[in-house]
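Welcome! Here is a short briefing to read alongside the sequence and the 3D view. Take your time, and find each residue in the picture as you go.

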Amino acid sequence: MTLPPQPALPLAWPADLDPARLAITDANREAAAWLAAPAVWPVPVTLLVGGEGSGKSHLAAWFAASCPARVIEHADTADPEALFHAWNAATRACPLLLTSRLAPRDWGHGLADLASRLAATPLVRLGDPDDDLLAAVIAKLFAERGLKVGDDLVRWLVVRIERSLVAAREVVAALDAAALARRRPVTIPLAREVIDGQFSLF
C-alpha cells in the first residue's frame, strides 16, 4: 500500500553551540587563534565580523568557554551608549568580544566616543567557508536534527550547493522536510531530487 506524502511539521531546531564541536579549518583558523590569546590583544576588546551564518556565534561561545569574558552579539544593532560603557568596562581579566555582520564604519550609530573606541579595536574577519568547514557544518546540522547520514552524502552536497553556511542550513532543512514527507531516508538520490526540484545552486 502506497501512503500519500505527509506534510512536514515546522519544527524549530536549536543551534548546537557546544564549544567542543567547533570545527577549525583554514576559513576560521586565524580568527580562532586570535580569540585563543586575549592576553596579546592591544586592548581588551575584539570585534569579530562575518556574514550571516558564518560561525560567529559558535566562535563566540568557544571564546566565552575558554576564559572569563563578556560577549555582545549583533553589536551593530546594540544600543551605542551600552556598547560604549561595555567597551570601557572591559579588562584583561574579563575581555569583551563583539560580533557583527558589518564593519563599524557601516554601523551608523553617530556616537563619536564609541567610534573612537571602535577605531582602536582589533577587527577579525571570518573567511568564506572552505570544503572542510562546509562539510563539518552540514554534518553538524544533520546531527542537530537527529538525522544519520553518510559521509558520501555530505561530500556530495559540499561540491553542489552554494558555498555558504546559509545555503547549508537551507538544504539540510529541505532534505529533512522531504524525508519526512516521503518517508524516505536522507540519501544522495533524495538530495538530487530536492536540489534539482527546489534549488538553483549550480
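## A walk through the chain

Leaving aside neighbours within four places in sequence, W34 is in contact with W41, P42, T46, P122 and V124. Keep in mind that what you are looking at is a predicted model. The chain has 8 helices and 4 strands, and 42% of its 202 residues are buried.

**The overall layout**

- Starting at the N terminus, the elements follow the order α-β-α-β-α-β-α-β-α-α-α-α.
- Take the contacts between residues at least 6 apart in sequence: 76% of them join residues at least 24 apart.

- You can find W34 in helix α1.
- Is W34 buried, exposed or partly exposed? W34 has a relative accessible area of 25%; because buried means under 20% and exposed means over 50%, W34 counts as partly exposed.
- W34 and V124 are 90 residues apart in sequence, yet their C-alpha atoms are 8.0 Å apart in space.

- T25 sits in the segment before α1, which spans residues 29-35.
- With a relative accessibility of 6%, T25 counts as buried.
- Which residues does T25 touch, once neighbours within four places in sequence are left aside? They are D130, D132 and L133.
- With D130 there is also a polar contact: the side chains of T25 and D130 are joined at 3.1 Å.

**Helix α2**

- Helix α2 covers residues 56-66, and its residues K56, H58, L59, A60 and F63 are buried.
- A helix has 3.6 residues a turn, so residues three or four places apart point the same way.
- What do the buried residues of α2 pack against? Their partners are α1, β1 (45-49), β2 (70-72), β3 (96-100) and α5.
- A64 also belongs to helix α2, but A64 counts as partly exposed at 35% relative accessibility.
- A64 and C94 lie 30 residues apart in sequence, with 9.9 Å between their C-alpha atoms.

**The nonpolar cores**

- The largest nonpolar core contains 27 residues, and those with the most contacts inside it are I138, F142, L157, I161 and L175.
- Four helices each supply at least two residues of this core: α5 (131-144), α6 (151-158), α7 (165-182) and α8 (188-198).
- Which helix gives the largest share of this core? That is α7, with 8 residues.
- A second, separate core has 17 residues, including V45, L47, A86 and L111.

**How α5 and α7 pack**

- Two packed helices are described by the angle between their axes and the distance between the axes.
- For α5 and α7, the angle is about 35° and the axes are 10 Å apart.
- The crossing of α5 past α7 is right-handed.
- On the α5 side, the contact is made by L134, V137, I138, L141 and F142, while α7 brings L165, A168, R169, V172 and L175.
- How many of these contact residues are nonpolar, polar or charged? The contact of α5 with α7 has 9 nonpolar residues, no polar ones and 1 charged.

**Loops worth a look**

- Most residues other than glycine have a negative phi.
- H74, which is not a glycine, has a positive phi near 50°.
- H74 lies in the loop between β2 and α3 (80-89), and H74 is exposed, with a relative accessible area of 52%.
- R183 is not a glycine either, and its phi is positive at about 55°; R183 is found in the loop between α7 and α8.
- G108 is placed in the loop between β3 and α4 (112-119).
- Is G108 buried or exposed? At 75% relative accessibility, G108 counts as exposed.
- G108 and T77 are 31 residues apart in sequence, and the distance between their C-alpha atoms is 9.6 Å.

Note on methods. Residues are numbered from 1 along each chain as its sequence is written. This is a predicted model: local features need pLDDT of at least 70, side-chain atom pairs count only at pLDDT 80 or more; totals for chains, interfaces and linings use all residues. Side-chain values use heavy atoms; hydrogens and water are left out. Buried means under 20% relative accessible area, exposed over 50%, partly exposed in between (1.4 Å probe, protein chains only). A polar contact is a pair of N or O atoms within 3.5 Å; within protein, one must be able to donate a hydrogen and the other to accept it, and residues adjacent in sequence count only if both atoms are side-chain atoms. Contact means heavy atoms within 4.5 Å. A nonpolar core is a set of buried Ala, Val, Leu, Ile, Met, Phe, Trp, Tyr and Cys residues joined through side-chain atoms within 4.5 Å. Axes are lines fitted to C-alpha atoms, for helices over the stretch in contact, and angles run from 0 to 180 degrees between N-to-C directions. A crossing is left-handed if the near helix is turned anticlockwise from the far one by less than a right angle, and right-handed if clockwise. Ala, Val, Leu, Ile, Met, Phe, Trp, Tyr, Cys and Pro count as nonpolar, Asp, Glu, Lys and Arg as charged, and the others, Gly among them, as polar.
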